[in-house]
Amino acid sequence: MVSQGWTRKLASKGIMYWKTIAIAILLTCVPITIVSFINWHVGNQYLIRQHQQNNEELVNDTARQIDEQFSQLVQYAVHMISNPILKPSLADMNFVDQFEKTQELSDTLYFIENGDPLIDQAYLYVAKQNKIMQPMLGLRTLDLPADTIAWKNIMQSEQNIFWTNQLPRPFHKGGSTHAIVMKLPFNSRQSYGALVLYVNPDKIQLNAGSEQIAFVLDGEDTLVGQSDASKQHPEVLSNIQEMLSATKRSYDTQSHFQLPIKDDNLLVSTISFEKMGGIWTFVSGTPSSAITAPTGPYKHVVIIYWIGSLCLALALSWFASNRMYKPIRRIVDLFREGKAETTPENNELKYIEEKWRLHRSVNETLQSNLNQSIPKVREALINQFVLGQAAHLSETEIVEKLQTLQLDLSGQHFFVMVCRLHSLGKKRGQLTAKDIQLLTYAAVNLLQEMAERTASYVHIVDFMDGSFAVIAFMPSTLPAEERKRPLMQLSAEMLDTLRKVLNMPATIVVNGPTEAWTDVPYLLEQARRALSYRSFTSDSQLLDADVVLEQANLKVEFPFELEQEFTHTLNLGLEEEAMEILIRFVEALQNDGAPEWVVHQGLTRLRNNLFRSMIQSNHNPYAIYDGMKLQEELEELRDANACIEWFHAKIIKPYMDALNRSYHQSMKHLVDQIIVAMNENYMSDLSLETFAMEAGVSVSQLSKAFRQMTGINYIDYLTSIKMSHCKKLLVTTDMKISDIAKAVGYQPPYFNRMFKKLEGMTPGQYREQFNPVHVNKKQA
């Protein structure tokens, strides 16, 4: 009876039950047996293979970190060379005369050197003048022929940014010759120089242990960086380079091999990755002795462990299989919803099948969400490229990436339209940042809808400053000479729509077309540059970037006399007179309908001239305007009145405050002595000319100092002292008014007129109102 009960119980079990038992046995007994056997027979080889497998992920991660480290350096470098200070005018710049600009360039290079840990030194090379600049070296001319030839050779490359390992540091400075070279200006056909960033090999993240050998080789298999352990085995590098030279490598190529070193074997793993137009290689090697050293003392322990564990595993596998099967059977019973079935269920995997169907449904939902997110990813990639943050990608790479994001660039040519909205001035009122954001959002939607009627694809880049760019994809069906005409008509319609719908004037700059997608960032940069050629005196404007930039060399009559008059007047502390000259200065710049950049440039020159005058008069402009982004704020202004108000608030007022705070100490002491003398001898005939003669200074200089330190002029101050004493005598004594007038040095009639003018009442009325004796008589 007992045997029959067990038979029925076992027969009721399904396929999953028996599989669970088999798996339990396999998962307990077999692994223990295999591990013990391997440790006994081939333990060392097993550990070596395990190390290679585990080390592969570390090698991949390290190579990816090195790739990302250099990619971040390239992106940082591309961002840095977009600095407006690195403009083409540096080719002919007089670095000695324009010392403020030279100092600013040196500060910029110092900032670049400290901006990324990989950068060891940053050099600015001006080819035309054969000069280099570096924060520690300063500005120097390449006097050695070898240095001159080496640095001129970097300008022969057709690439705008490239890697070099053969550029020695000038003036025998030594150090690594590995550097990233970026021609200036970036993406320009005519380069005036280059920004060279030397790499510090010690800052490369190799993630190597104390015994691990690691190398980073560039596209020419030249050593870029190595670990400390690698320096103890110098012969390894040549052997590795020889083996790699016989191997055809491409992106993500991996290899594993062994090299004999000093009675040991070096387990080497390599991985290649593409960087700056070449195939770089990361090499990691570990001595086999370091891997197998821990296995020796544990062989006997493993045997004992194997015997005991095998017996225990056989006993536990049966118990575990039953415990594991119980929840599975319970799930199957729940799936049946408690209904008894006539035939026994032998396949518990139906439950798993239902779960798979549910997984399929979830997967389809996720795929749908992915399809919805593709446009956002595509827009982010385009933004990254056109703003210069993915300049390392080639035409083929960016086209392939956009094709994977469902955007085909074949058979297309590209236009760039840059639109900037302008406020309507005081009639409309001051626009807040939120107002500008809402108006820009509305304008973007309007122009995008209009552009989509003509273009096959439209991409918008919002610069978050009241301006945005429209990048239009148009089929290459029209002849090249007629492609721009529809876009100019569309831009005119856009300006008209913005006036009618949003009541906002705007400037639109059109640039293009181009058939190369990699030219789009350059078109965008030129279009934004052309915005500065809009006129301050007109409303909405439509500009062709090619035409505007060809006519950029405008001849403008610069008001040099007003410039000198303004600086002289301001140095005298005459703020109101200086403001009048400033207004005439701006009006003179606008007389010929000069564009926006001329006004900005004129005010910049006026500011620099004022700074030079400050330095000559022992005032430090960098201390007065510390932390102010003056140039950026000025370039954001789009109206002449706004420029004048900004110049008054940001330039003139701080300088006036500095003048008042820093006035000569001896002059302040002289004014203090005059005030004391006035309070003691106010009844005498005190004249400012007398004090000036005694002190040996000019009357105008003393008058100006007195007014700056007291807030009023000399005569008014003396009058206030005399009137204060008269009021005291009127209130505290019964002296006649005529006697009081004579006591302070006034004739009685003049005194009566002056007192009434200042106090609004006669001396007698003042005495009656404030003298306690008269007040008490009135009350009595």
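**Aromatic pairs and the overall fold**

The count of aromatic ring pairs comes to 18 in this predicted model. One of them joins Tyr-123 and Tyr-198: the ring centres lie 5.5 Å apart and the planes meet at 80°, so the pair is edge-to-face, since planes over 60 degrees apart fall in that class. This pair connects distant parts of the chain, with Tyr-123 in strand E1 (residues 119–126) and Tyr-198 in strand E6 (residues 193–199), 75 residues apart. Both tyrosines, Tyr-123 and Tyr-198, are buried.

Phe-273 and Trp-280 have ring centres 6.5 Å apart and planes at 45°, so this pair is tilted. Phe-273 and Trp-280 are buried. Elsewhere, Phe-385, Phe-414, Tyr-457, Phe-473 and Trp-517 make up one aromatic cluster.

Arg-528 is placed over the face of Phe-463, 3.8 Å from the centre of the ring. Lys-722 has its charged end over the ring of Tyr-746, at 4.7 Å from the ring centre.

The chain has 780 residues, and 43% of them count as buried. Among its contacts with a separation of 6 or more, 64% are between residues 24 or more positions apart; the link between Tyr-123 and Tyr-198 spans 75 residues. The accessible surface of the chain is about 43,600 Å², and carbon and sulfur atoms hold 53% of that area.

Methods:
Residues are numbered from 1 along each chain as its sequence is written. This is a predicted model: local features need pLDDT of at least 70, side-chain atom pairs count only at pLDDT 80 or more; totals for chains, interfaces and linings use all residues. Side-chain values use heavy atoms; hydrogens and water are left out. Buried means under 20% relative accessible area, exposed over 50%, partly exposed in between (1.4 Å probe, protein chains only). Contact means heavy atoms within 4.5 Å. Accessible areas come from the Shrake-Rupley method with a 1.4 Å probe; for residues, only the protein chains shown count as cover. Rings of Phe, Tyr and Trp (its six-membered ring) pair if their centres lie within 6.5 Å; planes under 30 degrees apart count as stacked, over 60 as edge-to-face and the rest as tilted. Helices (H or I, at least four residues) and strands (E, at least two) are DSSP runs, numbered from the N terminus. A charge sits over a ring if NZ of Lys or CZ of Arg is within 6 Å of the ring centre and within 35 degrees of the ring normal.
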